[in-house]
Amino acid sequence: MNPAGRLLLSPALAARYAWLCARSTTTPRPRDVPFGAGAGLDPDRVLIVGAGPAVGWGTSSHSVALPGRLARRLARRTGRGSHVAALADPTHRVPSLHTVLGDAFLENWDVVVVTLGAAEAMTLRSPRACARDLDGLVSALLERTRPCARVVVASTPLADALGTFGVQPTALAERHSALLAEVSAGVCAEHARVTHLTLPGGGGAEAVDDDRSPGRAEATAELYETWAEALSEHVAPLLHAQRARIDSPQRARSRPQPEPTRLEAIAASGVVQPEPEAAFQQITDQARALFETDGAAFNLVLDDHQWNVVSTLGSSTAVPLSESFCATTVDADEPFVVADAWQTTLTVPRNDIRFYAGYPVHTAEGIRIGALCVFDPEPRDVRGLPLDALRELALDIERELWRRAA
């Protein structure tokens, strides 16, 4: 039976679902860049896809929704940096996620979290159809991620999934939601690198009409924090187990990426242009002030030259790779620091730059296209350098790139 036919079995359920659809047009949700970052270096990368909790219903920013809260929780648990992005939309359903993911490059993600929304439970969708669709999705994800990357399927208690809309589920819908969670757990159990997590319930946000109610906002914030804590507790051990393997996604990211992949990503970004953007200039100015250096720049690494998107020194926009420190920075997924280029045994340019510190700048899919760097004509004691802060500024550039692409 199709979803519409199933809804006819319960007029009350049909009314609730119609109310939910209407509420979704007025309920707040984030419109900003869909990723959060936890402080630290050597970041783990987690991608959240789907609907429901991934969308951020009832919040104004992804920083206080699931990506930001999970990123901060993971960083505290692991002692490393974290990068949590969301590919989410209210219309995302398991069957459509194949199209949504399209040609997305998934090999740079350590864990992909699939969040299941409320629509299937509210429309009493067939458990068999849900199982078939979910099995196809996780199989496709396993094929497109690295050999030991993990997939986590997260089911959400229906009362909490609907609470951010001020809607309470019927007993029939709650029973069907629990059934679908059991079905999802069974599908996950059939795949070695897939786990299932039922997110803990927070009792649901208060069913009030005013989305701006302080009580409602507080309950929603607490709910996302509860979900982030549960996911971080589930995901952190998976990341730990990955890092013990020689074929881990983290080690793969530390190796040079294919040049054609980088060049295609740069071309798609549209950043190479005659006039730099003010936002990029402001970020490089902040980097220069933070490190108290003569210069700072955001550079792209092309096939035979480095393109200075912005530079506080106003230097030439094109620099041969033989004179580029950033060409080395993009070879790994970590900061590259040179205390004194004239004295080091590293293969670096011998020019007017003696001190250099750079952090890679990535596309949304984790492809390194260039670097944010600071440099000086004098050598520097590099002990205690605020490299975490350099990463944060590089992330600010990545946020600008996301905004441009949106």
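1. Let me start with Thr 328, which has its place in helix H13 (residues 326-329). Helices here are DSSP runs of H or I with at least four residues, strands are runs of E with at least two, and both are numbered from the N terminus. Thr 328 is partly exposed, at a relative accessible area of 28%; buried means under 20%, exposed over 50%, and partly exposed in between, with a 1.4 Å probe and protein chains only. Leaving aside neighbours within four places in sequence, Thr 328 is in contact with Phe 336 and Thr 347, where contact means heavy atoms within 4.5 Å. Thr 328 and Pro 360 are 32 residues apart in sequence, with 9.8 Å from C-alpha to C-alpha.

2. A word on the basis. This is a predicted model, in which local features need pLDDT of at least 70 and side-chain atom pairs count only at pLDDT 80 or more, while totals for chains, interfaces and linings use all residues. Residues are numbered from 1 along each chain as its sequence is written, and side-chain values use heavy atoms, with hydrogens and water left out.

3. Strand E11 (residues 355-362) deserves a look: 8 of its 8 residues are buried, so the strand is largely enclosed by the rest of the structure. Strand E10 (residues 336-338) pairs with E11 in the antiparallel sense over 3 bridges; strands pair if DSSP finds at least two bridges between them. Within this pairing, Val 338 stands opposite Tyr 356 in E11.

4. E11 is also joined to strand E12 (residues 368-376), antiparallel, by 8 bridges, and Phe 355 stands opposite Asp 376 in E12. E11 and E12 form a hairpin with 5 residues between them, and Gly 366 in the turn has a positive phi of about 90°.

5. Now the aromatic rings. The structure holds 5 aromatic pairs. Rings of Phe, Tyr and Trp (its six-membered ring) pair if their centres lie within 6.5 Å, and planes under 30 degrees apart count as stacked, over 60 as edge-to-face and the rest as tilted. One of the pairs is Phe 35 with Trp 402, edge-to-face at 5.1 Å centre to centre and 70° between the planes. Phe 35 belongs to strand E1 (residues 35-38) and Trp 402 to helix H14 (residues 387-405), so the pair ties together parts 367 residues apart in sequence. Phe 35 is buried at 4% relative accessible area, and Trp 402 counts as buried at 14%.

6. Another pair, Phe 336 with Tyr 356, is tilted, at 5.9 Å centre to centre and 55° between the planes. This pair links strand E10 to strand E11, its residues lying 20 apart. Phe 336 counts as buried at 13% relative accessibility, and Tyr 356 is buried at 1%. Phe 325, Phe 336 and Tyr 356 form one aromatic cluster.

7. Two arginines also meet rings. The charged end of Arg 45 sits over the ring of Trp 109, 4.4 Å from its centre, and Arg 380 lies over the face of Phe 355, 4.7 Å from the ring centre. The criterion is NZ of Lys or CZ of Arg within 6 Å of the ring centre and within 35 degrees of the ring normal.

8. Finally, the axes of helix H6 (residues 127-144) and helix H8 (residues 171-189) come within 9 Å and cross at roughly 40°. Axes are lines fitted to C-alpha atoms, for helices over the stretch in contact, with angles from 0 to 180 degrees between N-to-C directions.
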